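The following note sets out comments on the structure shown below.

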Amino acid sequence: MSALYAFALLANAWVLLAILAAAFIAQFAAGEPPCPLCVMQRIAMMMAALGPCYTLLMAQREGLSQRAIAIGAGIGILASLLGAAISIRQVLLHILPGDPGFGSPMFGYHLYTWAAIAFACNIAAAGMQLLGLQWFSGSAAFRPPMVRLTAMALGVMLAANILSVIAEAGFAWHLPDNPTTYLLFSR
């Protein structure tokens with residue numbers, strides 16, 4: 001059962017990292033800097049990825065335990081609730097007929113709509129991990145693979161997003177409501 005939990009946690013963390021990477025790539029491929037709400041959604045997505053990363057790091061250190069799974073799932077749920085609230089706020093800003101929305105749509109939906117779906121799925125995944133605790137029999141000897149790689153990937157994504165926000169805001173520390181350029185490079 002420990003291997004199944006570790007696989008689910010790794011999959012959860014890497015799916016969230018893939019979503020962040022896709023948003024980051026879309027930002028530069030489409031030439032559309034993220035708005036303040038998009039940046040806050042990315043922060044919430046990185047915080048949501050901290051949940052499974054925390055559990056994996058604790059499992060690496062002392063074995064997979066019910067306590068680590070519960071804390072990691074709690075972190076993921078709270079961060080996903082915050083992110084869902086932010087993305088739903090942005091969806092509601094662009095819900096009127098004729099409103100083109102912010103940014104280019106991907107597969108028919110804007111990135112903030114996909115973020116709301118991803119946050120809801122992450123809440124469901126963390127809930128399933130918590131429901132599965134009644135059948136969990138942890139093994140202190142089990143050490144999940146790829147933990148350091150996952151944590152490093154999250155760190156790289158965090159650093160890349162921080163640099164992106166600094167480039168977008170310049171030294172004013174104010175993100176424009178409807179950004180079109182990177183203020184750090186426009187002067």
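1. Leucine 57 lies in helix H2 of what is a predicted model. With a relative accessible area of 38%, Leucine 57 is partly exposed. When residues up to four places away in sequence are set aside, Leucine 57 touches Val147 and Ala151. Methionine 152 stands 95 residues from leucine 57 in sequence, and the two C-alpha atoms are 12 Å apart in space.

2. The overall fold comes next. The chain contains five helices and zero strands, giving the pattern α-α-α-α-α when read along the sequence. The radius of gyration is 18 Å, close to the 16 Å that the globule rule gives for 187 residues, so the chain is as compact as a globular protein of that length. The C-alpha trace spans about 55 × 35 × 25 Å along its principal axes.

3. Two totals describe how the chain is packed. Of the 187 residues, 42% are buried. Among contacts between residues at least 6 apart in sequence, 76% join residues at least 24 apart.

4. Which residues touch the most other members of the largest nonpolar core? They are Leu16, Leu17, Leu20, Met45, Phe119 and Leu154, in a core of 18 residues. At least two residues of this core are supplied by each of H1, H2, helix H3 (66-93), H4 and helix H5 (147-169). H2 provides the largest share, six residues. In soluble globular proteins, nonpolar side chains tend to be buried together.

5. Leaving aside neighbours within four places in sequence, phenylalanine 119 is in contact with Gln41, Ala44, Met45, Ala79, Ser80, Gly83, Ala84 and Ser87.

6. The largest pocket holds about 540 Å³ of space. Its lining consists of 26 residues, and those closest to the pocket centre are Ala22, Ala23, Met106, Leu111 and Tyr112. Helix H1 (2-29), helix H2 (36-62) and helix H4 (111-131) are the elements that give two or more residues to this lining. H1 contributes the largest share, six residues. By class, the lining of the largest pocket divides into 19 nonpolar, five polar and two charged residues.

7. The second largest pocket has about 230 Å³ of space. Ten residues line the second largest pocket, and the closest to its centre are Tyr5, Ala8, Ala125, Met128 and Gln129. The elements giving two or more residues to this lining are H1 and H4, and H1 gives the most, with four residues. Seven residues of the lining are nonpolar, three are polar and none is charged.

8. Is glutamine 129 buried or exposed? Glutamine 129 is buried, because its relative accessible area is 7%, under the 20% cut-off for a buried residue. The residue is found in helix H4. Not counting residues up to four places away in sequence, glutamine 129 touches Tyr5, Ala8, Leu9, Asn12, Ile69 and Ala73. Of these contacts, Tyr5 and Ala8 are, like Gln129 itself, among the residues closest to the centre of the second largest pocket.

9. A search of the whole structure finds one cavity of 30 Å³ or more, and the largest cavity has about 60 Å³ of space. The cavity is lined by Leu9, Asn12, Ala48, Gly51, Pro52, Thr55, Gly72, Ala73, Gly76, Asn122, Ala126 and Gln129. H1, H2, H3 and H4 each supply at least two residues of this lining, and the largest share, four residues, comes from H2. The lining has five nonpolar, seven polar and no charged residues.

Notes. Residues are numbered from 1 along each chain as its sequence is written. This is a predicted model: local features need pLDDT of at least 70, side-chain atom pairs count only at pLDDT 80 or more; totals for chains, interfaces and linings use all residues. Side-chain values use heavy atoms; hydrogens and water are left out. On a 1 Å grid over the protein atoms alone, a cavity is a set of points where a 1.4 Å probe fits but cannot get out, and a pocket is an open set with protein on both sides within 12 Å along at least five of seven lines; lining residues have an atom within 4 Å of a point. Grid points are joined across faces, edges and corners, and a volume is the space filled by probe spheres set on the points. Ala, Val, Leu, Ile, Met, Phe, Trp, Tyr, Cys and Pro count as nonpolar, Asp, Glu, Lys and Arg as charged, and the others, Gly among them, as polar. Buried means under 20% relative accessible area, exposed over 50%, partly exposed in between (1.4 Å probe, protein chains only). Contact means heavy atoms within 4.5 Å. A nonpolar core is a set of buried Ala, Val, Leu, Ile, Met, Phe, Trp, Tyr and Cys residues joined through side-chain atoms within 4.5 Å. The radius of gyration is taken over C-alpha atoms; the globule rule is 2.2 Å times the number of residues to the power 0.38.
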